Amino acid sequence: MKLFKQYSVLYLLPLLFIYIAISIVVVNNELGGDQERYLIFAKNLLNGSYAMDGPLFLWNGPGYPIIISLFLFLSESVEVIKGLNVIFLFLGIVFFYKTCCQFFNKRLALLFSYLLGFYYPNVLFSIRYVLTEAFAFFLACGLLYYLNSCLLKPSKVKLGLASFFLAFLILTKVVFAYVVFAVIGVLILFAVFKKYRREVYRLLIICLLANIITLPYLFYTYNLTGKFPYYSNSGGQCVYWLSTPYEDELGEWVLAGGNTFEKRPQYKTHNEYLNSINQLGPVEKDAALKEKALENIKNNPKKFLKNYISNVSRLFLNIPNSYTYQEFSFILIAVPNSFVFVFLCISILLTLFLRKRITIDIIFSASFAVIYLFGSSLLCAYPRMLFPILPFMFLWFFYVINLWKTSET
């Protein structure tokens, strides 16, 4: 027991055993969906390049492929690569626990860590696939810990590690690049207030250093595209489908290609336009889709609003979806995510109400989470898009609710 008291993080070990047990049950050799794409990008890295020929050109950043390329180099199996997700999830919870210890007593920190660790949509999904969710969750937790540590007891090492985690998060999920740009704007506004100024400067340095670390990738994409900064060519498809003007469609992303697309109802309404830009290169096609999306939004603003509200619902509840009978399994997502959405709304109100008592690190976490959610709601919105931002959201939720509770007593 003395060992557990000295190293309280050991109380998290049951989570590790649970994750291992789940991985034994669910992990397999299958590579459906987006999984094969990440392996192809990883193999490209081993061959001295990155971009892929065809529409998937720069579909995602190189953060996750860099990690799995190391294991492909060692000739490890798909099961081993999927097994990494257990490590990523557990280390993420360890980082989250250490972060919570900076704000709460160890008992509360442990409780809050288990609440995040038992958020089963993240666990069941992230462990199963060769996808970015578990790794991005780990990076977000690491970023949260080193960022807050740097604000509490500044050091060059902590500042460098926070910048590194943020840079890798950007390279893993490129939406975070735009989140960081927006957060920099928020931080500049808070720099006006003298009481926040010192911490704001540190946060700005972390954001700027993270962007500097990503420059090799941006120089690479500049050489390929002539555009700077250029992160990915997937955004055009996301906003194009979100802007659909057709009444029977609700704006969810659709894979536009192959025999599967021809069997979908959207094929009839979109194939003519998509065929008209099919000969364009991936960068030009991405730009054309964004241009068409803006045209659709200008011509049909009310329909776009309907699509956007549907996208927010899909982000949390995975409904509604066009031309689709909703499966009963959506309840497994809807129940926990309904609580997340309710606590999000409560936390926004409490943050406004208690704004004079909230520290800059929580303001940063709240801003980071809200801006990310807004950005994700404009893209391909699935419940799994919530997973990387959960550490920031949960810390914010626990902090403001605990602050409100203590202020009432």
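# Briefing: salt bridges, aromatic contacts and a pocket

Across the whole structure, a search turns up 7 salt bridges. The model is predicted.

**Salt bridges around Glu133**

- Side chains of opposite charge can pair when their charged atoms come close.
- Glu133 and Lys173 form a salt bridge in which the closest N and O atoms are 3.1 Å apart.
- This pair links distant parts of the chain, with Glu133 in helix α8 (residues 133-152) and Lys173 in the loop between α9 (156-172) and α10, 40 residues apart.
- Lys173 has a relative accessible area of 11% and is therefore buried, since the limit for that class is under 20%.
- Glu133 is also classed as buried, at 0% relative accessibility.
- Glu133 forms a salt bridge with Arg384 as well, and here the closest N and O atoms are 3.1 Å apart.
- Because Glu133 lies in helix α8 and Arg384 in the loop between α19 and α20, the pair ties together parts that are 251 residues apart in sequence.
- Both Glu133 and Arg384 are buried.

**Salt bridge between Glu247 and Lys306**

- In the salt bridge of Glu247 with Lys306, the closest N and O atoms are 3.8 Å apart.
- Glu247 sits in the loop between α13 (235-242) and α14 (258-262), and Lys306 in helix α17 (residues 301-317), so this pair ties together parts that are 59 residues apart in sequence.
- Glu247 is exposed, with a relative accessible area of 53%, whereas Lys306 is partly exposed at 37%.

**Aromatic pairs**

- A pair of aromatic rings is described by the distance of the centres and the angle of the planes.
- Phe176 belongs to helix α10 (residues 175-190) and Phe368 to helix α19 (residues 360-377), so the pair ties together parts that are 192 residues apart in sequence.
- Phe176 counts as buried, at 0% relative accessibility, and Phe368 is buried with a relative accessible area of 1%.

- Lys292 is placed over the face of Tyr273, at 5.2 Å from the ring centre.

**Second largest pocket**

- Rolling a probe the size of a water molecule over the atoms shows where empty space is left.
- Elements that give two or more residues to the lining are α6 (106-117), α18 (330-353) and α20 (390-408).
- Helix α20 supplies the largest share of the lining, 6 residues.
- By class, the lining is made up of 14 nonpolar, 1 polar and 1 charged residues.

Methods. Residues numbered from 1 in each chain as written. Predicted model: local features only at pLDDT ≥ 70, side-chain atom pairs only at ≥ 80, totals over all residues. Heavy atoms only, no water. Helix = DSSP H or I, 4+ residues; strand = E, 2+ residues; numbered from the N terminus. Buried < 20%, exposed > 50% of the residue type's maximum accessible area, 1.4 Å probe, protein only. Lys NZ or Arg CZ within 6 Å of the ring centre and 35° of its normal. Nonpolar A, V, L, I, M, F, W, Y, C, P; charged D, E, K, R; others polar. Salt bridge = Lys/Arg side-chain N within 4 Å of Asp/Glu carboxyl O.
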